[in-house]
Amino acid sequence: MRVRARALLGGLSWVPGVAAAVPLQDALHAYGIQAAHIGRLWNFTLGLCTLVFGAIFVAFLWALWRAPRGRAGETAPDMASLARPERRLHRAVGLATGIATLGLLLLLAADVFTSRALARLPLGNAVNIELIGHEWWWEARYHHADPARDFVTANELHIPVGRAVVVTLRSNDVIHTLWVPNLHGKRDMIPGRTSTLQLRADHAGTYRGQCAEFCGLEHAKMAMLVEAEPDAAYEAWAARQRQAAAPPATAQALRGRAIFETSNCASCHTVEGTAAHGKAAPDLTHLAGRTTLAAGILPNDGAHLAAWILDPQSHKQGVYMPATTIKPDDLQALVTYLGTLK
Amino acid sequence: MSMAKSPAPPRLAPQDAAQLHQTWSDPPGLVGWFSAINHKTISMRFMVTTFVFFVMGGLLALAIRTQLAQPDGKTVGPDMYNQLFTMHGSTMMFLFAVPVMQAVATYLVPLMIGARSVAFPRMNAFAYWIFTLGGIMLFIAFLVGSGPDAGWFAYVPLSLLQFSPGKRVDIWAQMITFTEMAGLMEAIVLITTILKMRAPGMTLNRMPLFVWTILATSFMVLFSMPAVMLASTALITDRLVGTQFYNPLKGGDALLWQHLFWFFGHPEVYMIFIPPLGFISTIIATFSRRPVVGYPAMVLAVIATAFLAFGLWVHHMFATNLPELGKTFFTAASLMIAIPTAIQIFCWIATLWTGRLDLRTPLLFVLAFFVILVIGGLTGLMLASVSLDTQLHDSFFVVAHLHYVLMGGAVFPLFGAFYYWFPKFTGRMLGETLGKWNFWLFFIGFNLTFFPMHVLGLQGMPRRVYTYPSEMGWGSLNFLATIGAFMMALSVLLFIVNVVHSRRRGAVAGDDPWGAGTLEWSVASPPPPANFEMVPVVHARDPLWSAQKLPSHVSGLANDYREILVTSVADADLDHRLWLPASSIWPFLTALATTVLFIGSVFTPWAVVWAMVPVAIGATFWFWPKKDIVEQRTGSERSPLEVES
């Protein structure tokens, strides 16, 4: 089913940067049915509002053009309107107001129909993700009917194309907001409350999202990636996520794991299959399978990982991860180990 | 057809006029400066103070735009940036947008209704001092590195102590107390003035449209500001005293804050928007040389807008997990409020259509409303839809929308109002050539700054971000926006130059340079301390454009004491005479004591107890009746029995 909305009246094609190389994070290119519903409403509303603006603008300019000129302080005021009621003018105002009211009713109807469509996403065979907002990263817990098949990840989600995804939204600290505009509108993650977002990706691709509620110092650097892939590929990914970390094969990686388990890392991070079961920071069991680090802000490669571990504050000031004092060859071993966590 | 000269109004004998002048003047000297309570004096100070805050808010905006001009900007770091946008929003919303409207109103309303003063002139002065001291507190906090940084809206739990340690948010919350107290007092002053001090014959049906907007706005202030005072007080007690209103772990609710804040916050933007509707009506009438079309519809539209504004607040919460059907109700209300505004726009276009137009600077600024506010209103309709809002909320689309409505709906008409009434305030005209440069730079700069932000929001750029990565492709539009911002800054600079230059060298204005219809133009520019030598009797709307009828003025008010006429609410029938109090330094001193109380309570609850003492002392001296005045007043009373016999 073609659900990709056309980004037309926004007239964006001339805007520099709206090209294939830019990470997908915009509301005008729908890659999922919910965003498509909203995109249709946007097109309708934009069209209607442009018409209304045009009509008012023309009437306004015409009034300015046709009225004779006068001079305040010299031209005498015209008080004829007090003697004779201006029926034609009043009727014109009334007619315009009536048309405006009709337009507003149209907008209301369009909104109600869109809300209904959004609420009617078929939820059979849905993937269930519990997303918990933290300052400034995303904790994702995939839930299955069989709890043994649950798994935990962070910051980068994979979802199957063509299957519904029910995202349950909570927060660990302050209000955050999940927003992946190419797939759906946003929903707040409010401490003490649970909300839900139902969406479906209908095209494979990588979609970028960002926290959209001011959540403190590094609100600007709380991004996420959503990878939509064919169902078989998704299931393969999920199966890998369920497994604990494979034991390291090389001596250096083994040394790196030992360093991980015995230094501060383990007090905050979890790597399933090791002694590290910290809960305060992103789960790293399959870190090497992710494209980015630090909630979408750094590329996930050895150099950036090493720099991040040494001094997170220089990349994301105020983040709760402290700097790490570590010898260069220990750091190398650690990075090598983390690189095995696919 | 040129204007006929209306017959000269009756005048007091010179020695009586001189005595009247002396009676209503404030004392000279430094102590006299702090004792001033003349409504025009206080209002001028108030207007200048709010304008200073506007400029400071604008400088904060320039810093924001400089940081965002390029991706990965390094002008400021996240902590300073969060303070910058919090200070920008708080300054503009609490220290400029509503106070400036109240300031202009306290100057013009008495003149437009034929009164010698506002009601409660000492409280009017107190409100000004409280407002100013609160604003100074906020900026001192910012300058010493303790500026609030949780946003002008300070959502919990981010603004609770656990996530916002230190005094920053406490200072913000207490600034609210200062400004809302001032706002409430000004509302009481204005409502009482408008309902009880109109000149005889000025029935509600003959009241200028601007005065109607101030009446409606002032009632909105009364009903909305308590909500934010309650919210901010609960925030302070959660942070400082251990209450748990907003803590979900202890039975509180994070959304309670949002409901309370937006119950105030939505009417707030209409409180900012409605007085400029009065400016627009006044200026369009004068510069079209005819009364505005459809006076009853215009009045009812203002009242309807004021009511409906209280039913919209949940549209700020569409992304939360409130029930969907409930949200749709607020969509309907948010769409519906467009109807009264549409009526006003159509009536104004009809007025322009059938008028004789003078396209000078005051009208130009007002005409900008028809482009900018209309765009802002239409994007508001987009945001009113729950589904659309889920994409647009908290993105730069909203930043674009809010600036289109606030600047198009309030700031542009406000500049028009300054160009229009500057001659009345100062006796000089603002330069017209510089005015046109001012206008066009502002108009072009504004659109260059904010139109691209609609696109940025649709392209996925969230709000309140101190930077963005270069690969998002948002750099070019952000750079354009920054250029526009500097254009606007240049325009405001031109305005300041125009004001400073014209104060001394502008063309002399005379009483009525615009040939306008309302009563403020019947007195000198600037008006004498008592406004009217003899209080006029009103027989029609636009009294200066209507035929003179007898009786034309009221005679017999005292010249040796500050005597005013109190009239009835609906028909302005004579009710009684009232003596207003003399100038006094106690409002200022009581405001200082109250400031100590408010600021102290940020640091210790005991400040509320101990600082109450000087506040009570100040208030006591403020109200203490002077024996000789009481005797004079009693001696001037006449009983009906006495007169009859």
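Two strands count as paired here if DSSP finds at least two bridges between them. Keep that in mind for the opening stop. The model on screen is predicted.

**Stop 1: a sheet in chain A**

Now zoom in on strand 4 of chain A and strand 10 (residues 223–229) of chain A. They run parallel and are joined by five bridges. To find one of them, pick Ile159(A): its bridge partner in strand 10 of chain A is Ala228(A).

**Stop 2: two helices in chain A**

Select helix 1 (residues 33–66) and helix 3 (residues 87–119) of chain A. How do they pack? Their angle is about 175°, and their axes are 9 Å apart. Angles over 145 degrees count as roughly antiparallel, so helix 1 and helix 3 of chain A are roughly antiparallel to each other.

Show the side chains at the contact. From helix 1 of chain A, look for residues including His37(A), Leu41(A), Phe44(A) and Leu48(A). From helix 3 of chain A, look for residues including Leu106(A), Ala110(A), Asp111(A) and Thr114(A). The residues of this contact divide into nine nonpolar, five polar and one charged.

**Stop 3: a cis bond in chain A**

Go to Glu135(A) and Trp136(A). The peptide bond between them is cis, with omega near 5°. Trp136(A) sits in the loop between strand 1 (127–134) and strand 2 (137–143) of chain A.

**Stop 4: where the chains meet**

Show both chains. Here 98 residues of chain B are in contact with 89 residues of chain A. The area buried between the two chains is about 8000 Å², and carbon and sulfur atoms give 69% of it. Highlight Trp353(B), Gln391(B) and Leu458(B). In chain B, these residues lose the most area to chain A, together 10% of what that side buries.

**Stop 5: a threonine in chain B**

Select Thr50(B), in helix 3 (residues 39–68) of chain B. Is Thr50(B) buried or exposed? Its relative accessible area is 0%. Buried means under 20%, so Thr50(B) is buried. Leaving aside residues up to four places away in sequence, Thr50(B) touches Leu95(B), Phe96(B), Pro99(B), Val100(B) and Phe131(B).

**Stop 6: backbone details in chain B**

Move to Asp72(B), in the loop between helix 3 and helix 4 (78–112) of chain B. Its phi is near 50°, a positive value in a residue other than glycine. Asp72(B) counts as partly exposed because its relative accessibility is 40%.

Next, select Asn531(B), in the loop between helix 16 and strand 1 of chain B. Asn531(B) is not a glycine, yet its phi is positive, about 65°. Is Asn531(B) buried or exposed? With a relative accessible area of 1%, Asn531(B) is buried.

Finish at Pro551(B), found in the loop between helix 16 (475–505) and strand 1 (563–567) of chain B. The peptide bond from Leu550(B) to Pro551(B) is cis, with omega near -5°.

Definitions and conventions. Residues numbered from 1 in each chain as written. Chains lettered and ligands numbered in written order. Predicted model: local features only at pLDDT ≥ 70, side-chain atom pairs only at ≥ 80, totals over all residues. Heavy atoms only, no water. Helix = DSSP H or I, 4+ residues; strand = E, 2+ residues; numbered from the N terminus. Buried < 20%, exposed > 50% of the residue type's maximum accessible area, 1.4 Å probe, protein only. Contact = heavy atoms within 4.5 Å. Axes fitted to C-alpha atoms, helices over the stretch in contact; angles between N-to-C directions. Parallel < 35°, antiparallel > 145°, perpendicular 65-115°, else oblique. Nonpolar A, V, L, I, M, F, W, Y, C, P; charged D, E, K, R; others polar. Buried area = accessible area lost by both parts, 1.4 Å probe.
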